[in-house]
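Please go through the briefing below alongside the sequence and the 3D structure. It starts with a term that the later points rely on and then moves topic by topic.

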Amino acid sequence: GSVATTTSKNVDAAPALHGADRDKPWSVQVAASVEKDVATMMAQRLSAKGNEVYVVATEVNGQTWYRVRVGRLTARAEAEQLRQVLGVNEGLHAAYLARD
């Protein structure tokens, strides 16, 4: 069989992303808690250090989770760099990339 190749220079977008998904910003999810206060305190701590931090409330199996995310970046590579910095500087080694 033949293998399809792409000549696109946009290496930041995953092949499965189409349309509006491609325009969604990248962020780094550093924590998730069912306790809103815990998520808010962590967000405030990271924000005080100059990070752009926000909390997203999401329902999972009938339970509300508060996800703490850092940054709103257009490039996946920038978000990955931020994830590594947060791991080293804040000890947030379980952080992972997310898209809004």
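A salt bridge is here a side-chain nitrogen of Lys or Arg within 4 Å of a carboxyl oxygen of Asp or Glu, and by that criterion the structure holds four salt bridges. The model is predicted, so that local features need pLDDT of at least 70 and side-chain atom pairs count only at pLDDT 80 or more, while totals for chains, interfaces and linings use all residues. Residues are numbered from 1 along each chain as its sequence is written, and side-chain values use heavy atoms, with hydrogens and water left out.

**Overall layout**

- The chain has two helices and four strands, where helices (H or I, at least four residues) and strands (E, at least two) are DSSP runs numbered from the N terminus.
- Read from the N terminus on, the elements follow the order β-α-β-β-α-β.
- Of the 100 residues of the chain, 28% count as buried; buried means under 20% relative accessible area, exposed means over 50%, and partly exposed lies in between, with a 1.4 Å probe and protein chains only.
- Among contacts between residues at least 6 apart in sequence, 61% join residues at least 24 apart, a contact being heavy atoms within 4.5 Å.
- The chain exposes about 6,800 Å², of which carbon and sulfur atoms supply 51%; accessible areas come from the Shrake-Rupley method with a 1.4 Å probe, and for residues only the protein chains shown count as cover.

**Nonpolar core**

- A nonpolar core is a set of buried Ala, Val, Leu, Ile, Met, Phe, Trp, Tyr and Cys residues joined through side-chain atoms within 4.5 Å, and the largest one has 17 residues, with Val28, Val30, Leu46, Val68, Val70, Leu86 and Leu92 having the most contacts inside it.
- The elements that give two or more residues to this core are S1, H1, strand S3 (63-73) and helix H2 (76-90), and the largest share, four residues, comes from H1.
- Leaving aside neighbours within four places in sequence, Val68 is in contact with Val28, Gln29, Val30, Ala31, Ala39, Met42, Ala43, Leu46, Val53, Tyr54 and Val55.
- Val53, placed in strand S2, is in contact with Ala43, Leu46, Ser47, Val68, Arg69 and Val70 when its neighbours within four places in sequence are left aside.
- The C-alpha atoms of Val53 and Ala43, ten residues apart along the chain, are separated by 5.8 Å, and those of Gln44 and Tyr54, also ten residues apart along the chain, by 9.0 Å.
- Gln44 belongs to helix H1 (residues 36-48) and, because its relative accessibility is 52%, counts as exposed.

- Gln29 lies in strand S1 (residues 26-33) and is classed as buried because its relative accessible area is 3%.
- The side chains of Gln29 and Arg69 are joined by a polar contact of 3.0 Å, a term for a pair of N or O atoms within 3.5 Å in which, within protein, one must be able to donate a hydrogen and the other to accept it, and for which residues adjacent in sequence count only if both atoms are side-chain atoms.
- Beyond its neighbours within four places in sequence, Gln29 is in contact with Arg67, Val68, Arg69, Ala95, Tyr96 and Ala98.

- Side chains of opposite charge can pair when their charged atoms come close.
- Lys49 and Glu90 meet through their side chains in a salt bridge (3.0 Å, N to O); Lys49 lies in the loop between H1 and S2 and Glu90 in helix H2, so the pair ties together parts that are 41 residues apart in sequence.
- Glu52 forms a salt bridge with Arg72, with the closest N and O atoms 3.6 Å apart, and this pair links distant parts of the chain, as Glu52 is in the loop between H1 and S2 and Arg72 is in strand S3, 20 residues apart.
- Both partners count as partly exposed, Glu52 at 44% relative accessibility and Arg72 with a relative accessible area of 43%.
- The side chains of Arg83 and Glu80 form a salt bridge (2.7 Å, N to O), and because they are three residues apart in helix H2, about one helical turn separates them.
- Arg83 is partly exposed, with a relative accessible area of 23%, whereas Glu80 is buried, with a relative accessible area of 19%.

**Surface patch**

- Val34, Val60 and Trp65 form a nonpolar patch on the surface, with about 210 Å² of accessible area together; patches are made of residues with over 30% relative accessible area and no salt bridge, like charges being joined within 9 Å and nonpolar side chains (Val, Leu, Ile, Met, Phe, Trp, Tyr) within 5 Å.
- Val60 lies in strand S2 (residues 53-60) and counts as partly exposed because its relative accessibility is 32%.
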